[in-house]
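Biologist: I am new to this structure and would be grateful for a close look at a single part of it. Please describe that part and its surroundings in one connected account.

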Amino acid sequence: MRDYYDAILVYIEELEIVDTHEHLVGLEANRERETDVLQEYLTHYFNSDLRSAGLSASGLRQVMDHTQPLMARWDIVEPYWELARHTGYGRSLDVTVQALYGLDGVRRETLVALDEAFRQTLATPGHYRRVLKEASRIAISLLDADGAYDPALFRPVVRLDRFIWPRNLQTVLQIEQEYGATIRTLDDWLSACDAALKRAREQGAVAIKNGLAYVRSLRYEPVSLRDAERGIAAMRAVRHMPDWEEQPVNVDVAFQDAMFHFILGLAEREGLPVQIHTGIQEGSGNLLTNSDPQLLNPLFIQYPGVNFDIFHIGYPYQHTLSALAKMFPNVYIDMCWAHIISPTASVNALAEWIDAVPVNKISAFGGDYGFVDAIYGHQWMARQNVARSLARKVDEGVFDVSRACEIAHLLFIDNPVQLFGLDLT
Ligand SMILES: [Zn+2]
């Protein structure tokens, strides 16, 4: 088994892979510079494990305050860091620091040197390229972030969530300004949404993203567009309020449901795949059942012309996702974020999917990080995890090492290229 693993990993190490999902600032020049290594590395993910281990919210705020002395902040975080170090998030950071800075992980003995080396990267242009291209061998990353981006590194994905749930009048006014519209009727709103998608297409968008499972259920009822009229009334209802008030726009669930159906219609018309957050929500607490991919089942039936790229292996609903990807030609599994949520779950899930799901239905990697360094650790763990699953299948006699390598090529490159219509040349 070990020999199979080594042989497959040697092949996978060399691949220039597609990264299906990142949250980086699109231009390195716009990277946050008022920070240090502890603050940057705790902007997400590992901070949630620290909170889970018992670090208080106020303790975390102190640890992430780069204006305070570094080692005093380490004193606060160290007990929790040691408890969480072996999670996927913790390992991703240690792997990153070993590879990018030649230091033995994030720990008391390395922290000062690490912070110095990290600050160097803020002062030396080219860090994105060094991490993403040279160290991580990523051909292109799909970018879930607004604003300008470097086309040598990224292809954008457009979020239309604010058209589904605009939250406040400020968002509505912003949309009016961006698209030169005044929202008086539902038609005005739909036209603005269509215009947003068209503009995103012109700017290179290769997919639509829905991240609303953080705030509502993934069950979108098949309501009629007429039911959305009340949402426009909700926008009107706060127009008179002064801008120092909150001006919340309380659109009802029917409006949100109708809008997502409208957007899926646009996706079908444009031939754009739709990426959907499912499974565990980042942060310290949420309603997990809201994000069960099974709730999307009716949409897969209603929109056979839309390809759905289901994020994060649906963790911990990866078995449900297996059945959905098996049942539906238009449902694809995306392993973004998964390799660091749980390396073992990712290895086991992939081994299960290879038994149940055709190998063209899975994309193996998306870093899903908001800071560039840890993408290195994540892609390295993803390559190892995929090699482990494939080696297990070779050991079971399902295929040989050379077929395992072909499958790795599909998972890391060909499948996302095909699904998102990417041109890597
Ligand atoms: Zn994400």
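**A buried loop residue and the strands beside it**

Modeller: A364 is buried, because 32 other C-beta atoms lie within 10 Å; a residue counts as buried if 20 or more other C-beta atoms lie within 10 Å of its own, exposed if 12 or fewer, and partly exposed in between, with C-beta atoms placed from the backbone. This is a predicted model, in which local features need pLDDT of at least 70, side-chain atom pairs count only at pLDDT 80 or more, and totals for chains, interfaces and linings use all residues. Residues are numbered from 1 along each chain as its sequence is written.

A364 belongs to the loop between β9 and α18 (373-396); helices (H or I, at least four residues) and strands (E, at least two) are DSSP runs, numbered from the N terminus. Leaving aside neighbours within four places in sequence, A364 is in contact with M335, A382, V386, L411 and F412, where contact means that C-beta atoms, placed from the backbone, lie within 7 Å. From A364 to I413 the C-alpha to C-alpha distance is 8.5 Å, although 49 residues separate them in sequence.

Strand β9 (residues 362-363) pairs with β8 in the parallel sense over two bridges; strands pair if DSSP finds at least two bridges between them. Here D334 stands opposite S363 of β9. Strand β8 (residues 331-334) is covered on both faces, with V331 and I333 buried on one side and Y332 and D334 buried on the other. In a regular strand the side chains alternate between the two faces of the sheet. Strand β7 (residues 308-310) also pairs with β8 in the parallel sense, over three bridges, and I310 has I333 as its bridge partner in β8.

Terms used
Two residues are in contact if their C-beta atoms, placed from the backbone, lie within 7 Å.
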